[in-house]
Amino acid sequence: MLKSLRERDLWYNEEESCKWTEEDCRNEAYKKEVKEIIKKFKESITKCNTNLWENVLTQVVPEKIYLPKDYSNLIFSNEECYTLKEDAKKPEGVLTMADGGTIPCVMLSILNLFIKNISLEEFGKTIVENGYRVDDQVLHSVMDVLIPYKFRLQTYLIQDVQEIYLGLKKNRPTLALVPADYLSKTDEKNEQAIAIIGYIDEKFILITPSEKTIITRKAEEIIPQIQKAWIIGI
């Protein structure tokens, strides 16, 4: 857990600990710590050598891979998350999971490795009700705070690329953020989430927000694209 979160004693108030507001995300100690971790991670990319990595898979392939495009009827706004009734018309100007749900979809695909029977609507509501849906985006602190407190899974913001491989060896996949147009055909300029669940023959085994099955890509091509990443596990 990040030192800046421990300093705020979030562990000692479970009811409030997963409520992480936009103002909290501007907390200088938190911002400074995250910035320093990302700097170290970027530096590690230039030194990364995967020649010593051996083939390794996490526990199992997720039972279900969630794709945002399949949920154009699931409202996912700053204020609410719910499934439209059949034949109901989407309110004008309101976004759905299809419009910006790569983090929830990929995150839930990972959660399925550890926790069963969570629906995307339920997960989306948890994100919205705890304040992680702000200005039509999902705050990255959802991984730092909500996942550990609400779902009792350990998350770790990666400081060194090598940690991805070490995490896989302990059955802990990585959720990574990459440019939205890198693996998906999109004009979006922001980031999208992917999950790294294995390493085979110098390739990462990936869950992406655009493919119903797992895919493989050369690790040396994926690693420079990663902007920020978390190891998830128990």
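In the predicted model, Asp135 is located in the loop that joins strand S4 (133–134) to strand S5 (137–138). This residue has a relative accessibility of 54% and therefore counts as exposed, the cut-off for that class being over 50%. Asp135 also takes part in a negative surface patch, whose other members are Glu79, Glu80, Asp99 and Asp136.

Salt bridges were then considered. Under the criterion applied, a side-chain nitrogen of Lys or Arg within 4 Å of a carboxyl oxygen of Asp or Glu, the count comes to two. One of them joins Asp70 to Lys212, with 2.9 Å between the closest N and O atoms. This pair connects distant parts of the chain, its partners being 142 residues apart. Asp70 belongs to the loop between strand S1 (56–57) and strand S2 (74–76), whereas Lys212 belongs to the loop between strand S9 (203–207) and strand S10 (215–218). With a relative accessible area of 37%, Asp70 is partly exposed; Lys212, at 56%, is exposed.

The salt bridge between the side chains of Glu121 and Lys125 has an N to O distance of 3.6 Å. Both residues lie in helix H6 (residues 120–129), and because they are four residues apart, about one helical turn separates them. Glu121 has a relative accessibility of 24% and so counts as partly exposed. Lys125, at 32%, likewise counts as partly exposed. Helix H6 also contains buried residues, namely Leu120, Phe123, Gly124, Thr126, Ile127 and Val128; buried here denotes a relative accessible area under 20%. Just after H6, Gly131 adopts a positive phi of about 85°.

Helix H5 (residues 102–111) was examined for burial as well. Ten of its ten residues are buried, and the helix is therefore largely enclosed by the rest of the structure.

Conventions: Residues are numbered from 1 along each chain as its sequence is written. This is a predicted model: local features need pLDDT of at least 70, side-chain atom pairs count only at pLDDT 80 or more; totals for chains, interfaces and linings use all residues. Side-chain values use heavy atoms; hydrogens and water are left out. Patches are made of residues with over 30% relative accessible area and no salt bridge: like charges are joined within 9 Å, nonpolar side chains (Val, Leu, Ile, Met, Phe, Trp, Tyr) within 5 Å. Accessible areas come from the Shrake-Rupley method with a 1.4 Å probe; for residues, only the protein chains shown count as cover. Lys and Arg count as positive and Asp and Glu as negative; His and the chain ends are not counted. The place of a charge is taken as NZ of Lys, CZ of Arg, CG of Asp or CD of Glu. Helices (H or I, at least four residues) and strands (E, at least two) are DSSP runs, numbered from the N terminus. Buried means under 20% relative accessible area, exposed over 50%, partly exposed in between (1.4 Å probe, protein chains only).
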